Amino acid sequence: MLLHDTGLIYGRYLRQSLRSRFALLFGVLMPLLYLLFFGPLLTGLPLASRGTGWQVLVPGLLLQLGLFGAAFAGFTVIMENGQGVLERMRVTPVSRLALLLGRVLRDATVFVFQAVLLVLAAVVMGLRAPLVGILIGFAFVALLTVSLGSLSYALALKVRTPQEFGPLVNALTMPSMLLSGLMLPMTLAPTWLDVLSHFVPFRYLVDAVRDAYVGSYATHHMAYGVLVALGFALFAVTVGTRVFRTAGA
């Protein structure tokens, strides 16, 4: 029943996304602008001991896509709550976990699709990376989306209004982006900043994907990245499901 209910919710929200093709493509615009206008500045710079500037920048842009996209996903719950959609869902026998999983799996599908478009554009501009590494990057985008989407929906059920939700998410995502080394490796930062960045879980995901893009799969960065991504996803889905249950969604 859980799989059946999740499939129903997933299909409902995926159809909504497919009907809004402009929004589907617009989500990749900001990372694409970074790729076009920031990427050429990194060409030839010694940003890491291995790999090119593209192999440093593109993994960061992929996770930036998941970070900002999934973090703001809760706006849809606020809108549905105001329209009475959640009230109608409350009287159905659908599993509360399915109500959450259907949403976040739709989000993961959308952002992985956008990540594919971003990587294709990067390849045209000069990115060269092993196919296995690229696929690993997509997997990390999906896990990050599930994690942040779950927390975003849970937060949206707590704050209720867009005026509360937007500034709070901004206050959390901006420091996370700056401290995780999405744009440039934190190894280039002063020691105190590099140490501080290790308290941000996204740092481990970025390092893992960058290793994958240079063909290094059996590294401590990859091990830490996988453990953090899976642990964070489990924690976030647990929190999100609990909030959905207590909120009667």
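Student: Which residues form a nonpolar patch on the surface, and with about how much accessible area together?

Tutor: This is a predicted model. The patch consists of Phe 22, Phe 26, Leu 29, Met 30, Leu 33, Leu 36 and Phe 37. Together their accessible area is about 740 Å².

Student: Which element gives the largest share of the nonpolar patch?

Tutor: Two elements give two or more residues each, namely helix H2 (21-26) and helix H3 (29-37). Phe 37, one of the patch residues, has its place in helix H3. The largest share is five residues, and the element they come from is H3.

Student: Are H9 and H13 roughly parallel or roughly antiparallel to each other?

Tutor: The axes of helix H9 (residues 131-159) and helix H13 (residues 220-246) come within 8 Å and cross at roughly 30 degrees. Angles under 35 degrees count as roughly parallel. H9 and H13 are therefore roughly parallel.

Student: How many nonpolar residues does the contact of H9 with H13 have?

Tutor: H9 passes H13 in a left-handed crossing. By class, the contact of H9 with H13 has four polar residues and one charged residue. Its count of nonpolar residues is 21.

Student: At what angle do helix H1 and helix H8 pack, and what does that make H1 relative to H8?

Tutor: Helix H1 (residues 2-19) and helix H8 (residues 96-125) have their axes 7 Å apart and pack at about 45 degrees. The limit for roughly parallel is under 35 degrees, and the range for roughly perpendicular is 65 to 115. The angle of about 45 degrees therefore makes H1 oblique to H8.

Student: Is the crossing in which H1 passes H8 left-handed or right-handed?

Tutor: The two helices in question are H1 (residues 2-19) and H8 (residues 96-125). The crossing in which H1 passes H8 is right-handed.

Note on methods
Residues numbered from 1 in each chain as written. Predicted model: local features only at pLDDT ≥ 70, side-chain atom pairs only at ≥ 80, totals over all residues. Heavy atoms only, no water. Axes fitted to C-alpha atoms, helices over the stretch in contact; angles between N-to-C directions. Helix = DSSP H or I, 4+ residues; strand = E, 2+ residues; numbered from the N terminus. Parallel < 35°, antiparallel > 145°, perpendicular 65-115°, else oblique. Left-handed = near helix turned anticlockwise from the far one by under 90°. Nonpolar A, V, L, I, M, F, W, Y, C, P; charged D, E, K, R; others polar. Patch = residues over 30% accessible without salt bridge, like charges linked within 9 Å, V, L, I, M, F, W, Y side chains within 5 Å. Areas by Shrake-Rupley, 256 points an atom, 1.4 Å probe, with all protein chains shown as cover. Salt bridge = Lys/Arg side-chain N within 4 Å of Asp/Glu carboxyl O.
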